Amino acid sequence: MKNRPRTLAIFTLVTHKKKEGKLYGYSPYVSEINMWSSHFENIIVVGCFSKSKDIDRLEKPYAHNNVELLEVPVFNIKSILGVIKLVLNLPLMVYKMAKAMQRADHLHFRCPSNVSAVAALIQVFYPKKNKTTKYAGNWDPKSNQPMGYRFQKWLLSNTLLTKNMKVLVYGDWKDKSSYVVPFMSATYNESEKIEYKKRDFSGHLKFVFTGAMVTGKRPLLTIKIIEALIHNGFSSELHMFGDGPLIDDAKSYIKSHGLEDAVFIYGNQPKEQVKQCLLNAHFTILPSKSEGWPKAIAEGMFFGAIPISTKISCLPWILDFGKRGILIEPSADSAVKIIIDELEKGDLHLNQLSKKALEWSQQYTVDKLELEISKLVNN
């Protein structure tokens, strides 16, 4: 007798759009979900929906031919109105999520998010279902995080209340639940690996910033760091990829401080254009306030760009506490001093950092990620 088709249910905050019969979502998320969904015949996505037909360059369609969207409303509990909206919508949300869990063979939660917080409670009543959680936020137990984030981390990794779960987190943390599994993401394939090539750090320096133009990523601090390096006699240029509410502030700062020949802002661009910029970059820089998987840092490291980052989340571990990158403080003066100290150690030291960064990042390819996902859903 032929086995019945297997179904995967995904719980996510990603906003979806429909166009010409296809379901679209945020491109990096969809790319990874395509790996998970390839092992199932049916896909149920429990998430948010936008009626907009405008697909931007950071959105792509699911590859699977049999994807069903169960729409839930966008909500938050940061205001009285938000709480009232949640209370009114909660019965229908619970019904849809329970229906999806009942139909599915494997439950996959994308955390942290408001949607996954509700789903985390409901999954307790389905102890026999196989489950995975991709926790894309900061797993550091010592970090100061919203109560909702802490709740999701606690419940989904709780071996008494939650059953048959694997929680995939960035970094390797002490005193973790038996459910918690260190897990790395990836952007590039095995075929995109390059041999290590020495760089000249004694001349003009190329920095790359890849991230949303939002307060949490500190794009203005990044510009100020490059500006200070230039003022200290280090010929430098900065290439910035990403969009967001601070992009106009960044452009205004560049113009008012005469940095038009040193700092270049491109907005959101395709993966290939970012890759071409990274191939000959000296550094990739991201002085952010919080990170889950520091995608921008890992992508630069893949091609030998030395990572420069703040000491948050799993970044100290990724940079081997300064042995394959530069850890800075979140202030321009302090960051510049640390970077200059590293630059003054010379090409031999800097090329060692560059090579170690490349070797570490090239362990984590899309090919390896697909293999690891296959083990999780088929074992």
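These legends accompany several close-up views of the structure above. It is a predicted model, in which local features need pLDDT of at least 70 and side-chain atom pairs count only at pLDDT 80 or more, while totals for chains, interfaces and linings use all residues. Residues are numbered from 1 along each chain as its sequence is written, and side-chain values use heavy atoms, with hydrogens and water left out.

**View A. Lys17, a buried lysine in strand 1.** Lys17 sits in strand 1 (residues 7–19); helices (H or I, at least four residues) and strands (E, at least two) are DSSP runs, numbered from the N terminus. Because its relative accessibility is 11%, Lys17 counts as buried (buried means under 20% relative accessible area, exposed over 50%, partly exposed in between, with a 1.4 Å probe and protein chains only). Follow the Lys17 side chain and you will find the backbone oxygen of Asp54 at 2.7 Å. Beyond residues up to four places away in sequence, Lys17 touches a set including Tyr24, Phe49, Ile55 and Glu59, where contact means heavy atoms within 4.5 Å.

**View B. Phe11 and the nonpolar cores.** The largest nonpolar core holds 87 residues, and Phe11 and Ile225 touch the most other members. Such a core is a set of buried Ala, Val, Leu, Ile, Met, Phe, Trp, Tyr and Cys residues joined through side-chain atoms within 4.5 Å. A second, separate core has 21 residues, among them Val14, Tyr29, Ile43 and Ala186. In soluble globular proteins, nonpolar side chains tend to be buried together.

**View C. Helix 1, largely enclosed.** Helix 1 (residues 27–37) is largely enclosed by the rest of the structure, because 9 of its 11 residues are buried. Among the buried ones, look for Tyr29, Glu32, Asn34 and Trp36.

**View D. The largest cavity.** There is 1 cavity of 30 Å³ or more, and the largest cavity contains about 70 Å³ of space. On a 1 Å grid over the protein atoms alone, a cavity is a set of points where a 1.4 Å probe fits but cannot get out, and a pocket is an open set with protein on both sides within 12 Å along at least five of seven lines; lining residues have an atom within 4 Å of a point. Grid points are joined across faces, edges and corners, and a volume is the space filled by probe spheres set on the points. Helix 8 gives the largest share of the cavity lining, 4 residues. The lining includes Tyr188, Trp293, Phe302 and Tyr364, and its residues divide into 7 nonpolar, 3 polar and 2 charged. Here Ala, Val, Leu, Ile, Met, Phe, Trp, Tyr, Cys and Pro count as nonpolar, Asp, Glu, Lys and Arg as charged, and the others, Gly among them, as polar.

**View E. Thr365, between two helices.** Thr365 lies in the loop between helix 11 and helix 12 (366–378), and its relative accessibility of 1% is why Thr365 counts as buried. A polar contact of 3.1 Å links the side chains of Thr365 and Glu190 (a pair of N or O atoms within 3.5 Å; within protein, one must be able to donate a hydrogen and the other to accept it, and residues adjacent in sequence count only if both atoms are side-chain atoms).

**View F. The second largest pocket.** This pocket holds about 230 Å³ of space. Its lining has 15 residues, with Trp139, Pro141, Lys153, Trp154 and Ser157 nearest the centre.
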